[in-house]
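Colleague: Hi! Could you walk me through this model when you have a minute?

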Amino acid sequence: MGRSPTGGGRRKIKRREQRHRFLIACEGEKEVAYFKWLSKRLGGAVFLKPIKKWAAPERVLNLAVSERSADQQAAQESGDADDVYDDVWIVVDVDEYAHLPQALIEADRAGIKSAVSGPCFEVWLILHLADHQAAFNNAKAAKENWAKLVGPTRIVQQEFERTEGYLATAATRADALLDRHARDGTPRHKRNPSSEVGLLIRSVAKATGANVELD
């Protein structure tokens, strides 16, 4: 990739502009849509690449590892081994996954960060519009709560537009929930309601200086 047509000694072309890039392996389509929406909102300062294949934490982790390896190999072939993702995350739900604790351990060992939501990603969205603290019976209940809060929409991006201007509020509320669970000694895979997506957002803001309303 980037070689001259004659195979001569011309300098290889780098694969991309030097900007911050984050790989985010997700469980669901809504998560992928959200991070694509957020990436556009952040403009050129940062590129978020959300990907999805299977809805299980261990498979999400495998996808992240595979994509990271492919990116590292492409960077080496392009002649710029440092031209790799600045950060790699998995975004997963507590839901009913028995293998979640082990997947989180393996992610940590692999140097991949994780953002867990309990019982599901919609808790992160809910926290933009409501200071919800009571546990949900299940993921379905959380999704129904979000649908009621956001109201009728034609496309999923309209749901995210309803969260505009409340990103810092959501992160603050999410922090409070995480602090409460930590004080109670509740392990990550049993926290309900909770979301660590705000940690991911703060990581993006810290690395890029992007304006994500978290100052």
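Colleague: Before that, what should I know about the model and the numbering?

Modeller: It is a predicted model, where local features need pLDDT of at least 70, side-chain atom pairs count only at pLDDT 80 or more, and totals for chains, interfaces and linings use all residues. Residues are numbered from 1 along each chain as its sequence is written, and side-chain values use heavy atoms, with hydrogens and water left out.

Colleague: Great. In what order do the strands of the sheet come?

Modeller: The order is S2-S1-S3-S4-S5, an open sheet of 5 strands with mixed pairing. Strands here are DSSP E runs of at least two residues and helices are H or I runs of at least four, numbered from the N terminus. Two strands pair if DSSP finds at least two bridges between them.

Colleague: Which strands sit at the edges?

Modeller: Strand S2 (46–52) and strand S5 (194–195), each of which pairs on one side only.

Colleague: And how do S1 and S2 pair, parallel or antiparallel?

Modeller: They are parallel, with 7 bridges. One to look at is histidine 20, whose bridge partner in S2 is valine 46.

Colleague: How many bridges join S1 to S3?

Modeller: There are 5, and those two strands run parallel. Leucine 23 has valine 88 as its bridge partner in S3, while phenylalanine 22 stands opposite aspartate 87.

Colleague: What about the other neighbour of S3, strand S4?

Modeller: S3 (residues 87–93) and S4 (residues 113–118) are also parallel, joined by 5 bridges. Valine 91 is opposite alanine 115 there.

Colleague: Which helix lies across S1 to S5?

Modeller: That would be helix H8 (residues 197–208), which runs at about 165° to S1 (20–26). The angle is between N-to-C directions, on a scale from 0 to 180 degrees, with axes fitted to C-alpha atoms and, for helices, over the stretch in contact; contact means heavy atoms within 4.5 Å.

Colleague: Switching to aromatics: how many pairs do you count?

Modeller: The count is 6, taking rings of Phe, Tyr and Trp (its six-membered ring) with centres within 6.5 Å; planes under 30 degrees apart are stacked, over 60 edge-to-face, and the rest tilted.

Colleague: What else does tryptophan 37 pair with?

Modeller: Phenylalanine 160: the centres are 5.8 Å apart and the planes at 45°, so that pair is tilted. It links distant parts of the chain, as tryptophan 37 is in helix H1 and phenylalanine 160 is in helix H6 (residues 156–161), 123 residues apart.

Colleague: How buried are those two?

Modeller: Tryptophan 37 counts as buried at 13% relative accessibility, and phenylalanine 160 is buried at 0%. Ring pairs link Tyr34, Phe35, Trp37, Phe121 and Phe160 into a cluster.

Colleague: Nice. Where are the cis peptide bonds you flagged?

Modeller: One joins glycine 118 and proline 119, with omega about 5°; proline 119 is in the loop between S4 and helix H4 (122–129). Another runs from asparagine 192 to proline 193, with omega near 0°, and proline 193 is in the loop between helix H7 (167–184) and S5.

Colleague: Last one: where is serine 78?

Modeller: Serine 78 is in the loop between helix H2 (57–77) and S3, and is buried at 2% relative accessible area. A polar atom of its side chain lies 2.8 Å from the backbone oxygen of alanine 75.

Note on methods
Buried < 20%, exposed > 50% of the residue type's maximum accessible area, 1.4 Å probe, protein only. Polar contact = N/O pair within 3.5 Å; in protein donor to acceptor, adjacent residues only side chain to side chain.
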